[in-house]
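Could you walk me through this model in the viewer, one selection at a time? I would like to know what to click on next and what I will find there.

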Amino acid sequence: MTTLNHTPALLAHKLNVTLGQGTEKILALDDVSLMFVDGRWTSIVGPNGAGKSTLLKCLAGLLPHQGSVQLSGRDLMDWPNRSRARKLSWLGQNEPSSDDLRIWDVVMLGRLPHQSSWIAAPSDADSVAVERALRSTHAWEWRERSLGQLSGGERQRVLLARALAVEADILLMDEPLANLDPPHQADWLALIGELVRQGKTVISVLHEISMALHADEMVIMSQGRVVHQGLCTEAVTHRSLEAVFDQRIAVRAFEGQLVALPKI
Amino acid sequence: MTVRSTVLLALAVIVATFALAVLGLSVGSTGLENVVKYWLSPATSIDHASMAREIIWEIRLPRTLGAWAAGALLGLAGALAQGLFRNPLADPFLLGSASGASLGVAIALVVLGGGTGLLGNASMISSELSVSVFSSNVWVRLGLTGAAFIGAILAVFLTLLLSRGVGHTLRLLLSGVIVGVVLGAATHLVLLFSPDVLQAMQSFILGSTVFVGWTSAILMVVVWCFCCVAVWLLGRVLDGLSLGDATAFTLGLPVAPMRLALVLVLALATGTAVAQTGLIAFVGLAAPHLVRSLIKTTSTNLMLLASLAGGLLLLAADILARGLIAPQELPVGVLTAVLGGGYLLWLMHAGSARRVGTL
């Protein structure tokens with residue numbers, strides 16, 4: 001751990017998860033202990049099937065597991081639903097979404113944890129938060145449209161806005177760049193940078209290593225285990241990254257950015 | 001903008017419903033004429049006027065109200081089922097309630113020993129213009145209604161039991177199908193051993209508004225009001241669930257209890273409608289699609305609008321059923337099946353031409 005002077009936002013202790021049944025059983029997480037400090041962006045990377053999404057689900061309280069997850073020093077399971085929801089925002093991968101809902105209504109759902117009841121009319125603060133979220137992902141123009149009328153990338157930007165509208169301290173995102181074109185990937189990077197500057201904690205699973213290298217910190221996983229956790233700028237992180245991908249990628253600096261190139 | 005179009009659509013449906021209700025009060029085996037006479041000049045003939053009044057008050061009014069309420073319950077249940085199962089082809093009978101209600105009615109008919117036409121009686125009464133729907137028959141009617149309702153609710157619980165709760169949508173759906181098939185087979189078995197009951201079952205299986213009296217109509221309206229309140233309370237939960245269980249959970253929604261509450265509302269609405277009017281096909285499927293083809297809105301609005309649309313559809317079908325071959329009449333379920341099926345077919349083709357994925 002490089003920075004012990006920060007308070008941990010999330011703490012995972014000895015997480016074990018088994019998926020499947022009978023002979024199909026696999027150990028998806030094998031004794032994973034991790035600390036995520038406040039006000040940082042951590043990206044989780046690793047080969048397919050390394051347990052990245054499983055770990056993220058555990059951190060969100062979505063998956064039964066052995067071991068414990070602590071949110072701001074308190075066991076995740078002990079948090080009341082709504083307080084936890086205000087603290088921890090989630091953007092999943094390939095999740096269903098209703099084609100019929102208006103974009104405005106979809107993003108307003110992100111305000112549910114803040115509303116006194118499910119039938120309460122949105123407050124001004126809710127509307128402001130929704131507008132801010134929609135504008136930050138450049139989706140404001142579509143607010144009257146329905147999800148069914150958007151392309152995959154546009155839909156992803158709306159779902160990202162939904163996650164942002166919660167205005168939680170911690171954002172968990174599984175493949176947030178899915179379907180986004182390069183300019184919008186750059187927008188996303190700028191947006192996350194801004195959030196982290198505001199003190200938010202971002203934990204994202206990314207399969208595009210070059211994107212993941214923009215984070216502050218990197219968790220490298222393989223076969224359900226954490227192989228390495230360290231700063232993205234450190235050479236030891238780069239070497240671990242190359243090793244976990246069987247030396248088939250190379251991390252290089254290019255025009256001030258770190259990029260991971262596949263070796264052909 | 002959406003708020004305005006939602007309100008406009010609701011108003012349009014309500015106005016059309018009232019227009020059809022007035023028409024519904026004037027159409028029947030006695031024809032338009034004598035009732036109109038009563039309205040226009042009540043003094044012409046005392047006998048005539050009192051008969052006309054009785055026809056309207058004791059037969060057509062409860063029946064019209066009942067047809068509307070049954071349609072409204074099915075429309076609401078249909079929109080709820082489609083939202084809950086995230087499947088545009090879901091219909092209110094998916095959880096096995098229809099086959100449960102059928103079995104309940106079949107068993108009740110056998111046990112009560114009614115044989116020929118306990119249900120048939122009611123239609124005979126209405127065609128004879130007697131006003132004794134309230135009299136001795138009411139207990140039998142309540143018994144049958146109760147049996148249908150209990151059957152529907154038990155079937156839903158059996159489905160819930162088989163699917164081990166509501167956590168898994170696909171398992172819930174499959175359990176519903178299994179319960180439907182098994183209870184359907186059980187109903188046929190009962191009918192096989194008591195062929196007398198078959199005829200009495202006919203109008204139930206085809207769906208009919210003939211035997212709806214004041215008790216049934218009022219019961220359905222009361223349940224409808226309750227369901228509307230429930231839908232209003234739970235609409236945003238359904239919106240949240242539409243984004244997937246993971247997102248719903250991270251929005252702080254208690255996913256399992258809320259889904260159970262939604263299933264119970266679905267069972268109550270469907271069970272009540274089925275118990276009063278039998279298996280009326282397609283209203284629950286077509287009403288939400290009709291609304292969705294006109295407007296994109298939240299689950300709450302969709303369910304309430306689909307409810308109004310369902311009421312309108314069944315009211316229209318009921319009037320057609322009474323009017324098309326008067327003084328005989330068609331079972332309304334046959335009409336809704338033909339009209340609803342045709343409408344969905346048209347929607348499917350129009351939809352595939354315009355945008356893929358409507359159905």
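## First stop: a tryptophan in chain A

Select A:Trp104, which is buried, with 20 other C-beta atoms within 10 Å. The cut-off for calling a residue buried is 20 or more such atoms. Please keep in mind along the way that this is a predicted model.

A:Trp104 sits in helix H3 of chain A. Now show its surroundings: setting aside neighbours within four places in sequence, A:Trp104 is in contact with A:Val130, A:Arg143 and A:Glu144.

## A covered helix and what follows it

Next, select residues 52-60 of chain A, which form helix H1. Of its 9 residues, 8 are buried, so this helix is mostly covered. Colour the buried ones if you like: they are A:Lys52, A:Thr54, A:Leu55, A:Leu56, A:Lys57, A:Cys58, A:Leu59 and A:Ala60. Then step just past the end of H1(A) to A:Gly61, where phi is positive, at about 80 degrees.

## Two loop residues with positive phi

Staying in chain A, which residues other than glycine have a positive phi? One of them is A:Asn94, with a phi of about 50 degrees. Look for A:Asn94 in the loop between strand S6 (88-91) and helix H3 (103-108). A:Asn94 has 8 other C-beta atoms within 10 Å and is therefore exposed.

Another is A:Gln247, whose phi is near 60 degrees. A:Gln247 belongs to the loop between helix H8 (235-244) and strand S11 (249-254) of chain A. A:Gln247 also counts as exposed, with 10 C-beta neighbours inside 10 Å.

## Crossing over to chain B

Now colour by chain and look where the two meet. Here 24 residues of chain B are in contact with 27 residues of chain A. On the chain B side, the elements that give two or more residues are H9 and helix H10 (245-250). H9(B) provides the largest share, 7 residues. By type, the chain B side divides into 10 nonpolar, 9 polar and 5 charged residues.

How many helices and strands does chain B have? There are 14 helices and 0 strands. Chain B has 359 residues, of which 52% count as buried.

## Where two helices cross

Select residues 214-242 of chain B for helix H9 and residues 299-323 of chain B for helix H13. Their axes come within 7 Å and cross at roughly 140 degrees, and the two helices are therefore oblique to each other. To see the contact itself, show side chains. From H9(B) come B:Cys228, B:Val231, B:Trp232, B:Gly235, B:Arg236, B:Leu238 and B:Asp239, and they meet B:Ser299, B:Thr300, B:Met303, B:Leu304 and B:Ser307 in H13(B). These residues divide into 6 nonpolar, 4 polar and 2 charged.

## Along helix H13 of chain B

Keep H13(B) selected. Of its 25 residues, 23 are buried, so this helix is largely enclosed by the rest of the structure.

Within H13(B), pick out B:Ala306. B:Ala306 is buried, with 31 other C-beta atoms within 10 Å. Leaving out residues up to four places away in sequence, B:Ala306 touches B:Gly75, B:Leu76, B:Gly78, B:Ala79, B:Ala287, B:Pro288 and B:Val291. Draw a distance to B:Pro288: this residue is 18 residues away in sequence, and the C-alpha atoms are 4.8 Å apart.

## Last stop: the nonpolar core

Finally, bring chain A back. The largest nonpolar core has 179 residues, and those with the most contacts inside it are A:Val107, B:Leu73, B:Leu76, B:Leu80 and B:Leu266. H13(B) gives the most to this core, with 15 residues. End on B:Leu80: beyond its neighbours within four places in sequence, this leucine is in contact with B:Val231, B:Leu262, B:Val265, B:Leu266 and B:Met303.

Terms used:
Residues numbered from 1 in each chain as written. Chains lettered and ligands numbered in written order. Predicted model: local features only at pLDDT ≥ 70, side-chain atom pairs only at ≥ 80, totals over all residues. Axes fitted to C-alpha atoms, helices over the stretch in contact; angles between N-to-C directions. Helix = DSSP H or I, 4+ residues; strand = E, 2+ residues; numbered from the N terminus. Parallel < 35°, antiparallel > 145°, perpendicular 65-115°, else oblique. Contact = placed C-beta atoms within 7 Å. Nonpolar A, V, L, I, M, F, W, Y, C, P; charged D, E, K, R; others polar. Core = buried A, V, L, I, M, F, W, Y, C linked by C-beta atoms within 7 Å. Buried ≥ 20, exposed ≤ 12 C-beta atoms within 10 Å, placed from the backbone.
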